[in-house]
Amino acid sequence: MFRFFNDKITQFVLFLSFSSLFPAIATRTPAVPLTEITVDIQNIRFLDAGKGSHVTGMAELKKYFQRFGYLSIPENNFTNLFDQEFESALLVFQKKLGLSTTGKLDYDTMKVISSPRCGVSDKTKAHSIHVTKHYAYFYGKPRWSKSSPMKLSYAFSPYKIIDYVSLSDIKTVFRRAFSRWSSVIPVDFTEVEDYSSADIKIGFYKGDHGDGESFDGVLGVLAHAFSPENGRFHLDAAETWAVDFSVEKSKVAVDLESVATHEIGHVLGLAHSSDKNAIMYPSLSPRTKKVDLNIDDVDGIQALYGSNPNFSYNPLLESDISSSWGIMNIERRSAIIALMVILFSLCL
Ligand SMILES: [Zn+2]
Ligand SMILES: [Zn+2]
């Protein structure tokens, strides 16, 4: 049944699979397990819906927007009406995610909504982002406050770990991820064995793991980390984590190094960026490697911690250009669309 893009998008109706689209919502509504959400393909029709539309499933979409910081209406008040509040939230979402601010559930917007992403809310005071900067901070602009030269330790939970990737490979991946950040700011990261005393505590968790931010199974929310100086760094153990896509062939494999690099940004104090090429952009497609810091990430983190004296911009700029990853990449987006979206040709 799956078909892919056609230039004449109007020939298609975009139907979304709730079991894929709203796993994050399920974490807030445990009484409705994903497997019990049925898809009524006649009614779940969002594409190009705008203000005033009544669309079955809209209430679930509003929960998604609430989950990630765009709507504050209590869940039990959500209706299927595309109302003024939802339009306002949608416009903020589109601006925050670097989309065209159409105020409609257009194709590109639905594509982003259906992508796997970080579980950290997009809500920051930087919704009024500087015109040319896209990075953002958490409320209060928290950062680690240890004296300079700053040294932060990290450790892996001895119990909350996955067994299908070797610990050695996991440690190598994290060492590289931490080094990307330490190469641009005057902060050193050191792995230690004592989990309880480490500044940054890394673990793989399943479902509800006690911090109010349940994981949701395969894809959906991939990981989350807490702002400074908390140090908790959690990955969804239900994902198929990969350190090498030539070895891990799963279509839902997620690159551990890419997610690690992103979450370290949160640990240090960066919130989500609206720059699609930034490490701190909230979504990441399966089988996608995105590990190079973007200028936007560097500007954001250096504004918090200052610059590493050995850092120079030029190599990074080259890397930035060569790693022009983005959700607009047709080949890469095909993977996530294949997983998340069902397209039926109407052949009008
Ligand atoms: Zn994030
Ligand atoms: Zn957690």
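I began with strand E5 (residues 223-225), which pairs with E6 in the antiparallel sense over three bridges; strands pair here if DSSP finds at least two bridges between them, and strands (E, at least two residues) and helices (H or I, at least four) are DSSP runs, numbered from the N terminus. I note that this is a predicted model, in which local features need pLDDT of at least 70 and side-chain atom pairs count only at pLDDT 80 or more, while totals for chains, interfaces and linings use all residues. Residues are numbered from 1 along each chain as its sequence is written, and chains are lettered from A and ligands numbered from 1 in the order in which they are written.

Entry on Glu 239. I found Glu 239 in the loop between E6 and strand E7 (240-242). The UniProt record, an unreviewed entry, places the feature "binding site" at Glu 239, and such annotations may be inferred rather than shown by experiment. Glu 239 counts as buried because it has 25 C-beta neighbours inside 10 Å. Leaving aside neighbours within four places in sequence, I list Val 218, Leu 222 and Val 254 as contacts of Glu 239, a contact being two C-beta atoms, placed from the backbone, within 7 Å.

Entry on Leu 81. I located Leu 81 in the loop between helix H3 (58-67) and helix H4 (84-96). Leu 81 is partly exposed, because 16 other C-beta atoms lie within 10 Å. Not counting residues up to four places away in sequence, Leu 81 touches His 54 and Met 58; the C-alpha atoms of Leu 81 and His 54 are separated by 4.6 Å, although these residues are 27 apart along the chain.

Entry on confidence. I read a mean pLDDT of 79 for the protein, with 75% of its residues at 70 or more; pLDDT is the predictor's confidence in each residue, from 0 to 100.

Key. A residue is buried if 20 or more other C-beta atoms lie within 10 Å of its own, exposed if 12 or fewer, and partly exposed in between; C-beta atoms are placed from the backbone.
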